[in-house]
Amino acid sequence: MPFVAAVIGYVTKRVAIEMMFRPLHFVGIAPPWLGWQGVVPRNSARMVRVSAELITSRLVDPREVVERLDPDEIARQIQGPLLVTVDRIAREVLETHHPQLWEMLPVLAQDLIIKQVQAGSPALVRRVMAEVRANIGDVLDVGQVAVTALERDKELLVRLVRDISRPEMAFIARCGIYFGFALGVVQTVVWALTREPLVLPIFGAAIGWFTDWLAIKLVFFPRERTKLLGVFSFQGVFQRRRAEVARQYGDLIAREVMTVPNIVEGVLRGPRSDRLLAMIQQLVRKSVDEQASIAKPFVAIAVGTRRFQEMKHDAADKALAHLDSTALQAEPYATKALDIGNTIAAKMNQLTRVEYEGLLRPAFRQDEWKLIAVGAVIGALVGHLQALLMLG
């Protein structure tokens with residue numbers, strides 16, 4: 001009986017663990033009652049909000065992070081693609097708005113005009129970077145970047161929780177064996193004294209319920225290292241692994257959530273992007289004015305003031321269209337400079353025990369009673385089968 005109880009304890013834990021993460025989408029007849037969806041994917045909206053709030057309020061300070069980017073180095077990193085893009089935009093704008101004049105110019109004159117425009121590009125990049133650094137809080141919503149990344153891929157949230165909690169899941173499964181065996185010894189004694197068939201399913205349910213409940217509690221509690229019976233030092237598994245979890249979580253967020261492409265997308269297309277895009281358009285038009293300042297009398301006569309204004313607006317629009325692909329040329333440098341993973345790990349180690357617990361606890365709290373109930377039902381069924389075998 002103790003060995004059967006150990007098996008019950010282990011099986012109920014493995015089932016509970018799998019039910020945490022699978023299936024990704026609801027499987028059943030009448031959602032949400034007749035069927036099942038993994039606890040984490042079902043509560044993904046709430047967990048996304050919790051994770052985004054933690055990242056925004058405690059782990060990533062956009063001003064602190066963006067200060068690590070050197071505008072001159074950014075300009076150097078994207079110089080090659082930038083010059084190619086400027087060349088293409090300048091030729092397209094001039095060919096569109098005054099094709100006859102552009103075609104009449106000798107190739108050497110065309111190249112001189114393009115090089116004049118290109119010469120101002122690095123300064124334009126530095127201006128844009130200076131504006132972004134000075135107004136990062138107004139142009140980047142870190143929480144929205146995190147929410148967008150996690151909502152875009154539900155599997156990402158499941159993987160995030162599962163990867164940082166693997167040792168805790170293994171601990172829960174092992175607890176099922178140890179606690180199940182101990183309760184099985186008690187079950188054996190009660191059975192020997194009573195020979196009551198109901199003892200087996202009742203103890204099976206108790207083993208499934210109690211071991212699930214205790215294993216989940218021991219993942220998080222006690223929060224502080226405590227002496228057990230005054231001899232053994234003990235602490236919740238998740239709390240004990242704080243430094244390791246901080247490193248893993250930081251790496252995962254840096255690799256999957258707060259990536260340079262996601263940040264660039266958040267800056268250029270996020271809810272606060274309008275102000276930045278308007279600012280960039282203004283800077284591009286100003287740059288065109290500066291580069292054309294020498295030839296302004298000629299431009300006014302040959303092109304006309306109204307068409308020149310149209311050319312500036314067209315150049316600004318085309319620059320915005322190529323902005324993200326050009327900016328991402330600096331991704332390797334920006335990833336290293338931002339150092340999101342180590343930043344998050346360091347900040348996580350400064351969290352209170354309760355705040356740190358919030359990384360994983362929301363995955364259990366709301367639906368843990370269902371997992372415990374499933375463990376009790378499975379235990380009762382196995383105990384009932386055991387009783388039939390012993391009586392038959």
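Which residues are buried in α1? The close-up views below, taken from a predicted model, begin with this helix.

**View 1. Helix α1 and its buried residues.** Helix α1 covers residues 2–21. Its buried residues are Pro-2, Ala-5, Ala-6, Ile-8, Gly-9, Thr-12, Lys-13, Ala-16, Ile-17, Met-19, Met-20 and Phe-21. An α-helix has 3.6 residues a turn, so residues three or four places apart point the same way. The end C-alpha atoms of α1 lie 30 Å apart, which agrees with the 28 Å that its 20 residues should span at 1.5 Å a residue.

**View 2. A nonpolar patch on the surface.** The patch is formed by Phe-3, Phe-181, Val-185, Val-189 and Leu-193, which together have about 530 Å² of accessible area. Helix α13, comprising residues 166–194, gives the most to this patch, with four residues.

**View 3. Leu-193 in helix α13.** Leu-193 is one of the residues that form the nonpolar patch. Leu-193 counts as exposed because its relative accessible area, 70%, is over the 50% cut-off.

**View 4. Ala-337 in helix α22.** Helix α22 spans residues 331–338. Ala-337 has a relative accessibility of 18% and therefore counts as buried, the cut-off being under 20%. Leaving aside neighbours within four places in sequence, Ala-337 is in contact with Arg-68 and Leu-69. Ala-337 and Glu-67 are separated by 270 residues in sequence, while their C-alpha atoms are 9.5 Å apart in space.

Note on methods:
Residues numbered from 1 in each chain as written. Predicted model: local features only at pLDDT ≥ 70, side-chain atom pairs only at ≥ 80, totals over all residues. Heavy atoms only, no water. Patch = residues over 30% accessible without salt bridge, like charges linked within 9 Å, V, L, I, M, F, W, Y side chains within 5 Å. Areas by Shrake-Rupley, 256 points an atom, 1.4 Å probe, with all protein chains shown as cover. Salt bridge = Lys/Arg side-chain N within 4 Å of Asp/Glu carboxyl O. Helix = DSSP H or I, 4+ residues; strand = E, 2+ residues; numbered from the N terminus. Buried < 20%, exposed > 50% of the residue type's maximum accessible area, 1.4 Å probe, protein only. Expected span 1.5 Å × (residues − 1). Contact = heavy atoms within 4.5 Å.
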